[in-house]
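Here is a structure to explore, with a short walk through one of its chains. Keep the sequence at hand as you read.

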Amino acid sequence: MVDLWLLGQATTSGLLLGCIYAVVALGLSLIWGVMEIVNFAHGDFLMLSMYLSYFLFTYLGLDPLVGAILGFLMGLALGLLIEKGLIEKVLGSPPIVTILVTFSILLIIRYGAMAAWGPGVKTLHPWYFMAILDLWGVRISMAYLIGALISLAATIALHIFLTRTYTGIALRATSQNRLAAELLGIDAKKMYTLSFCIGVALVGLAGGILSTFYYVIPEVGGRFCMLSFVIVVLGGFGSLLGTFLGGLIIGVAEEISAIFIPPVMKDVVAFILFLLILMLKPSGLFGEVTR
Amino acid sequence: MGRVLEVDDIDVYYGELQALWEVSLHIEEGEFISLVGSNGAGKTTTLRTISGILTPRRGKIIFAGKDVTGWPPHRIAQEGLAHIPEGRQLFPRLTVLENLKMGAYTPKAREHFDETLEFVFTLFPRLKERRDQIAGTMSGGERQMLAIARGLMLRPKLLMLDEPSLGLAPKLVQRVMDTLRRLHEEGLTILLVEQNVRYALELADRGYVLETGRVVMEGGGRELLEDPRIKKAYLGL
């Protein structure tokens, strides 16, 4: 007999965790949606931001959530540098070229980090690391809750930007029809740069958030990159709402499955779910019709 | 009255394949110009070169007093050129209103967004009713109206349309042509590319005839309609 309290407990933390996953995946989804390139280095940008939070906390005593804001800014700068310096030069090349470029960036960042900071696990413990909030009998990790709230705020901000501002709508317009956008005076190259910067900035924010409860190692990006792919495909390419809901689904699925099976298997559940949904609906849950 | 567009002796290639030879044409402010010719004569190529999608290998393009040869499309659009390409090219997953907003993307157009929108909605009341509908879900006729409306939102010095009647029922073709006539009467400068030679030349102040990448004839719209060669080649008379 499954304990209902346990299920409610797992669902709650799953939803909170899912909000954070969603922000990681939204960055990937935005870059894919606008530029049609698969950013394999996505998880490693996340890792960089986790280290940023770790160092700021350990040496300067800065709260990792301040680190998350700085991670966001670092993402903007890093995104600008990499897009202008590398990606822009290979846009329009066959997909294998952009894949190799982002994969090279992954290798350089990941093993650069390993060389610089060593392979060991690092953790940081802000005051809310072990804090638990009791809400009507449901116990909630403070770190999850704060992380989820910031993630939710970032998601809402992104939504407002994409639906209420000229630049945001132009970003979506460029992703739907580049030529038409250019004929109306929209600088498509600028839109590409912007979407890459925002995408990396979002994952930078998520890195700071994750560092408050997740271990920091140079290879941490691999898991989150795969997870983001699953979330984006699950939700349907090109749909940011789908990506967000995909994040929630994966978060809940992981937490609930942890009740029944050993935690090391939790990614297996996510991937089985992913394959099942693709078999039933290949365009993803919220996949939009192609143009 | 000034000269809005001058295409001066351009050669255009697709890779190694030459598509236009020594094409020259000019448009004065307030004129309605039609570019006619059979399939593959180079009409679309001409428009694509004017708007900067293609770059001429030889010759010059002067738009609104500026030499825009070799400029990217978005810079030329910012000077006030609206090119409505073949097949509408809407943003299918944006709403009608969002599509119109993108029409007014350039700083100059954005300043006048509200008044232009009002004008466009009186021209196409249907779009006002459907302002929150997703563009991709509308009918062919409505989509063509949205494409024209979006071009107008740019407050263009020159509106270029490529085959606006394509795929529309005769009644809707008539609607589109009536709209163009009205816009012309209100002073808009228009360059129309049309397979439907009769409509195109009836509306036009002047017309150019393209054949296999060359301008072979030019003259007043009515004058060309009466020309025996045009009658034989394009009107089946």
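Into which domains is chain B divided? Domain 1 covers 1-80 + 158-237, and domain 2 covers 91-156. These bounds come from an automatic or database domain assignment. This is a predicted model, where local features need pLDDT of at least 70, side-chain atom pairs count only at pLDDT 80 or more, and totals for chains, interfaces and linings use all residues. Residues are numbered from 1 along each chain as its sequence is written, chains are lettered from A in the order in which they are written, and side-chain values use heavy atoms, without hydrogens and water.

Now look at how the two domains of chain B meet. Their centres, taken over C-alpha atoms, are 23 Å apart. Domain 1 brings 16 residues to the contact and domain 2 brings 14. Contact means heavy atoms within 4.5 Å.

How much area do domain 1 and domain 2 of chain B bury between them? The value is about 1,400 Å², with 74% of it on carbon and sulfur atoms. Buried area is the accessible area (1.4 Å probe) that two parts lose on being put together, summed over both. On the domain 1 side, Q78(B), R175(B) and L183(B) lose the most area, together 27% of what that side buries.

What about charged pairs? Across this interface the rule finds zero salt bridges. A salt bridge needs a side-chain nitrogen of Lys or Arg within 4 Å of a carboxyl oxygen of Asp or Glu.
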